[in-house]
Amino acid sequence: MAIPRQKMPAQDPVERVGNFKEVNLGLTPEQAQQEALRCIQCKDPVCIAGCPVNIKIDQFIKLIAEGDFMGAVRKIKEDNVLPSICGRVCPQEDQCEKVCVIGKKHEPVAIGNLERFVGDYERTSGQKIDPKIAPPTGKKVAVVGSGPAGLSCANDLAQYGHKVVVFEALHELGGVLMYGIPEFRLPKEIVREELDGLRRMGIEFRTDVVVGRTITIDELMEEEGFDAVFIGVGAGLPWFMGIPGENLVGVLAANEFLTRVNLMKAYDFLKSSDTPVFDCKGKNVAVFGGGNTAMDAVRTAKRLGAEHAYIVYRRSEKEMPAREEEIHNAKEEGIEFLLLTTPLEFVGDEKAWLTGAKCQKMELGEPDDSGRRRPVPVEGSEYILPIDMAIISIGNGPNPLIHQTTPDIEVSKRETIVVDVNTMQTSKENVYAGGDIVTGGATVILAMGAGRKAAAAINEKLGGTAKNFNEW
Amino acid sequence: MYRIVSAIFLAENIKKFEIEAPMIAKKRKAGQFVIIRIDQNGERIPLTIADSDPEKGTITIIAQGVGKSTRELNCKEAGDSIADVVGPLGTPSHIENFGTAISIGGGVGTAIAYPTAAALKEAGNYVITINGARSKDLVILEDEMKAVSDEAYITTDDGSYGFHGFVTQKLQELIDSGKKIDFVLAIGPIPMMKAVADVTRPYGIKTVVSLNPIMIDGTGMCGGCRVTVGGEIKFGCIDGPEFDAHQVDFKNLADRNRIYQHEEKEANDTFAHECNLTRQA
Ligand SMILES: Cc1cc2nc3c(=O)[nH]c(=O)nc-3n(C[C@H](O)[C@H](O)[C@H](O)COP(=O)(O)OP(=O)(O)OC[C@H]3O[C@@H](n4cnc5c(N)ncnc54)[C@H](O)[C@@H]3O)c2cc1C
Ligand SMILES: Cc1cc2nc3c(=O)[nH]c(=O)nc-3n(C[C@H](O)[C@H](O)[C@H](O)COP(=O)(O)OP(=O)(O)OC[C@H]3O[C@@H](n4cnc5c(N)ncnc54)[C@H](O)[C@@H]3O)c2cc1C
Ligand code: SF4
Ligand code: FES
């Protein structure tokens with residue numbers, strides 16, 4: 001292979017820890033075309049099956065190679081209306097790029113970077129490509145939650161010609177894209193712009209509506225006249241560890257920390273935001289966990305001025321669920337990794353403020369159910385790690401609100417909503433669900449795939465015709 | 001945007017607003033609250049729904065200006081708008097006919113207790129209300145409370161009106177008088193709620209308090225509002241805000257509410273400064 005994988009320019013690590021601006025800067029048009037030429041246009045493009053929404057990868061890449069960037073936009077949008085977002089946050093290394101044939105001998109084609117390029121090209125070109133909408137069917141569908149699952153479901157339903165209203169509990173749309181994933185990985189302006197595309201399709205968005213409190217699912221169908229409901233409320237309820245001292249002042253969930261900083265812009269406190277966040281300047285901050293959320297939280301703490309920002313994880317780096325790229329970025333930014341370490345308790349001063357975490361070293365034992373080697377404590381290895389703030393990032397569970405107020409929707413032992421895997425229908429007639437509320441914390445693109453699948457099933461149920469995505 | 005229909009001061013620094021929010025007005029129950037955000041830069045703060053008018057599509061909130069956001073809110077007038085009002089949030093008060101129920105409100109807590117006191121009356125309880133204020137000019141909702149109580153008492157710390165002393169002293173007096181008391185609701189500053197819990201505990205009187213932890217989303221997704229009740233972690237916004245007073249770890253709540261003390265002061269000072277600037281202009 002003559003052409004090397006094009007390297008995306010990025011902000012210098014030293015500079016970027018001082019700001020919340022995006023780290024990766026995107027491929028130039030020349031780079032994108034070069035990268036597109038690396039794709040050998042396989043007869044049987046296996047990459048497509050690696051993508052949960054089956055983007056016609058070979059075709060959009062070909063259009064880039066030919067310099068027809070708007071054509072590439074159109075092609076991607078047949079399957080994914082949020083390319084600027086997915087190109088940034090999808091774990092391509094585990095999906096499309098993992099199976100790309102070039103990857104067998106060389107580095108795989110940078111499919112994600114190309115998708116991002118295409119999405120950004122449209123947003124900055126001044127031209128808009130909006131999907132064709134089928135004639136109105138007269139049917140109304142309510143989508144609960146405006147995260148990736150709800151957005152993709154709403155998009156497809158609108159294209160089928162149904163009237164779609166999205167209900168969102170928060171004051172901003174986007175779910176985790178808005179409150180979870182930080183500005184330096186996914187600028188919020190991009191999320192807003194991609195959402196504008198959905199607005200142009202006639203989808204109605206209603207923020208400040210907590211389904212289960214403001215209105216119930218039964219009321220949506222019986223009083224507001226919705227023919228079907230899609231539930232995409234995510235899994236946003238943070239888990240705590242249940243160890244002593246967890247209620248000390250300075251111990252908080254990653255969700256709280258990230259919501260304050262991202263959604264409420266607390267990094268700009270006293271200027272454009274009234275929401276405070278724990279003052280990290282010159283402090284020691286430890287994040288407990290090893291997923292994307294933990295990486296986002298620790299890098300955020302560093303940007304807020306933390307002197308030491310630690311990741312404390314009970315297994316080794318190999319087992320970390322976070323994206324490789326983000327672990328790499330975190331290391332570049334001076335994040336300190338305390339691996340094979342687990343907290344036993346938090347300790348504080350007489351005013352109940354956190355002063356440290358009593359930690360224990362671990363070693364890897366036999367593999368457990370998940371196939372990962374189980375960490376076992378090393379006797380006598382306890383020590384106190386002095387910290388001023390502890391951010392808990394050990395995962396989230398489903399919020400019980402919907403279940404409590406709509407008891408005829410069946411949930412599993414873990415409180416996730418049970419659905420038919422082919423149609424995403426719940427145990428309740430005309431009610432569908434998808435995304436993290438069904439799977440537990442997963443990925444943006446899997447949530448979008450679930451939303452699309454549900455949209456197709458809802459359309460069939462409502463007697464809509466099959467749409468032709470290609471006809472625009 | 002949510003339009004303010006009326007805005008009047010009930011006492012110095014305590015203002016009552018009627019806000020257009022039809023869905024919430026229709027749905028809300030006693031004990032529930034809303035989260036509001038004043039404008040694009042605003043923080044999300046919780047305020048109890050003191051009353052509602054489903055016909056008019058309005059809810060009533062009563063806010064005491066204690067820091068930047070509530071003081072900014074209290075600058076709003078009828079005709080102005082608020083960017084976001086979300087609700088009704090929280091689990092409604094558990095209402096039943098207990099027999100004799102005492103509702104105790106301290107300061108702006110009186111406004112928070114009012115809807116629940118009204119619901120207790122509605123459910124057939126013999127309702128006694130004790131509402132405390134620092135002094136006479138800070139007494140709020142006197143007529144409203146009277147209208148929903150069989151006996152209504154006002155206490156003032158300085159004795160300028162009603163009973164001279166704390167709400168807990170009045171409560172102790174009622175208990176000592178041999179009255180059979182089946183239920184106590186106490187809402188106000190944390191030390192007051194703790195003191196009420198301490199008074200009723202030895203008598204085994206079922207006592208409920210409405211907690212005021214720091215909240216952000218109010219929907220159960222951040223854990224910022226967590227409180228310790230009976231040794232377990234509970235989310236104030238989902239499981240509460242009302243909890244069994246005898247199980248609540250008040251010290252932990254008071255400690256945790258101090259986390260942003262420094263930032264709150266900074267925000268408050270900046271706001272004062274801005275106010276002065278506009279006043280000069
Ligand atoms: C910090 C963080 C970083 C992540 N990084 C990545 C990454 O790099 N790549 C990746 O692929 N995945 C990542 N994920 C996971 C990914 O974001 C989620 O899997 C995905 O967002 C799930 O989508 P969803 O639509 O199911 O739910 P969500 O995105 O959670 O959206 C649910 C929406 O529903 C709303 N809602 C909840 N309850 C109600 C209700 N009762 N009424 C109305 N609205 C309600 C919520 O406010 C929210 O807006 C990350 C997650 C987090 C937390
Ligand atoms: C369920 C609930 C119902 C409430 N109902 C009312 C009411 O009806 N009327 C009323 O006047 N007050 C009520 N409060 C209290 C009110 O939310 C706070 O006074 C307000 O948030 C203070 O904001 P600030 O910026 O003006 O003051 P700040 O200077 O920021 O804070 C002053 C104090 O208020 C508390 N506080 C600050 N931010 C928050 C927050 N986001 N959430 C909760 N508490 C906070 C802290 O303990 C702090 O010490 C209620 C609180 C809760 C939790
Ligand atoms: S597998 Fe790789 S080389 Fe083949 S079509 Fe897909 S991206 Fe191109
Ligand atoms: S306020 Fe966030 S969980 Fe209660």
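Visitor: Is A:Tyr121 buried or partly exposed in this predicted model?
Guide: The relative accessibility of A:Tyr121 is 28%. Buried means under 20% and exposed over 50%. A:Tyr121 therefore counts as partly exposed.

Visitor: How are the planes of A:Phe167 and A:Phe226 arranged?
Guide: The ring centres of A:Phe167 and A:Phe226 are 5.8 Å apart, with the planes at 80 degrees. Planes over 60 degrees apart count as edge-to-face. The pair is therefore edge-to-face.

Visitor: How many residues apart are A:Phe167 and A:Phe226?
Guide: A:Phe167 lies in strand β2 of chain A, and A:Phe226 in the loop between α12 and β4. Both residues are buried. The pair links distant parts of the chain, 59 residues apart.

Visitor: Which charged end sits over the ring of A:Phe226?
Guide: A charge sits over a ring only if it is within 6 Å of the ring centre. Here the distance is 4.5 Å, and the charged end belongs to A:Lys140.

Visitor: Which helix holds both A:Phe117 and A:Tyr121?
Guide: The two residues are four apart, about one turn of the helix. A:Phe117 is buried at 8% relative accessibility. Both lie in chain A, in helix α8.

Visitor: Is B:Ala63 buried or exposed?
Guide: An unreviewed UniProt entry lists B:Ala63 under "binding site", together with B:Ile62 and B:Gln64. B:Ala63 is in strand β5 of chain B and touches residues including B:Leu47 and B:Leu73. At 0% relative accessibility, B:Ala63 counts as buried.

Methods: Residues are numbered from 1 along each chain as its sequence is written. Chains are lettered from A and ligands numbered from 1 in the order in which they are written. This is a predicted model: local features need pLDDT of at least 70, side-chain atom pairs count only at pLDDT 80 or more; totals for chains, interfaces and linings use all residues. Side-chain values use heavy atoms; hydrogens and water are left out. UniProt positions are given in the numbering used here, feature names are shortened, and annotations may be inferred rather than shown by experiment. Buried means under 20% relative accessible area, exposed over 50%, partly exposed in between (1.4 Å probe, protein chains only). Contact means heavy atoms within 4.5 Å. Rings of Phe, Tyr and Trp (its six-membered ring) pair if their centres lie within 6.5 Å; planes under 30 degrees apart count as stacked, over 60 as edge-to-face and the rest as tilted. A charge sits over a ring if NZ of Lys or CZ of Arg is within 6 Å of the ring centre and within 35 degrees of the ring normal. Lists of a residue's contacts leave out its neighbours within four places in sequence.
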